[in-house]
Structure formats: structure tokens, C-alpha cells
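This briefing covers a predicted model. Look at the sequence and the structure first, then read the points by topic.

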Amino acid sequence: LYGVDTNGDRQTDSYQTANNVSNWGNVLTLKLQLLLGSEETGIVTKKQTFTFNGATFSAADTRWYMPTTITAVLRNRLN
């Protein structure tokens, strides 16, 4: 997702998909959302359920899953 300054104050006001960014000059940050999962099953005793990327994720197996969000500031875009 792209962090966009919508009111000119050089602060991220909303996060948008690439299709919804109307002015790329207003993009200040990037938000990366990753869903990490173990290679092997049987790591957890029951299937996990949690929110990821705005939706409920229900694991189909007993792998260990961890949602992670990383937000990066684009150099020279913030005051």
C-alpha cells in the first residue's frame, strides 16, 4: 500500500493501492504486509485465525503463521 498525503501537510493521511493513487508526488510512505508461515505443519496445535490485510485469514493447516507489517518512509518526502 502507498501512504498518501491528501491535504498537503507532508504527513500520510491514507493508504491506497496503486490503482487508487492519483498523484504519485503525494506518496510519502510504503506499507508492506507479509504473511509468514512455517515450512512444516504441526507447529501449532490448532488452526490459526486472525485479521490480515483487512480480511479474516483462517489457516487450512497447522503451520505457524505470523502477519507482519513494515512501513517505510520514502527519503526526502517527509519534513
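**Salt bridge**

Asp61 and Arg63 form a salt bridge, in which the closest N and O atoms are 3.0 Å apart. A search of the whole structure finds one salt bridge. The points below start with this pair and then turn to the loop, the hairpin and the sheet.

*The charged pair*
- Side chains of opposite charge can pair when their charged atoms come close.

- Ala60 lies in the loop between S5 and strand S6, which covers residues 65-73.
- Ala60 has a relative accessible area of 68%, so Ala60 is exposed, the cut-off being over 50%.
- Ala60 and Lys47 are 13 residues apart in sequence, and their C-alpha atoms are 6.8 Å apart in space.

*The hairpin*
- Strands S4 (residues 49-52) and S5 (residues 55-58) pair in the antiparallel sense, over four bridges.
- Thr51 has Thr56 in S5 as its bridge partner.
- Two residues separate S4 and S5 in this hairpin, and Asn53 in the turn has a positive phi of about 55°.

*The open sheet*
- Four strands form an open sheet in the order S2-S1-S3-S6, and the pairing is antiparallel.
- S2 (14-16) and S6 are at the edges with a single partner strand each, so one side of each has no neighbour in the sheet.
- On average, neighbouring strands of this sheet are turned by 30° against each other, direction ignored.
- S1 (residues 2-4) pairs with S3 (residues 27-37) in the antiparallel sense over three bridges.
- Opposite Gly3 stands Thr29 in S3.

Conventions
Residues are numbered from 1 along each chain as its sequence is written. This is a predicted model: local features need pLDDT of at least 70, side-chain atom pairs count only at pLDDT 80 or more; totals for chains, interfaces and linings use all residues. Side-chain values use heavy atoms; hydrogens and water are left out. Two strands pair if DSSP finds at least two bridges between them. A salt bridge is a side-chain nitrogen of Lys or Arg within 4 Å of a carboxyl oxygen of Asp or Glu. Buried means under 20% relative accessible area, exposed over 50%, partly exposed in between (1.4 Å probe, protein chains only). Axes are lines fitted to C-alpha atoms, for helices over the stretch in contact, and angles run from 0 to 180 degrees between N-to-C directions.
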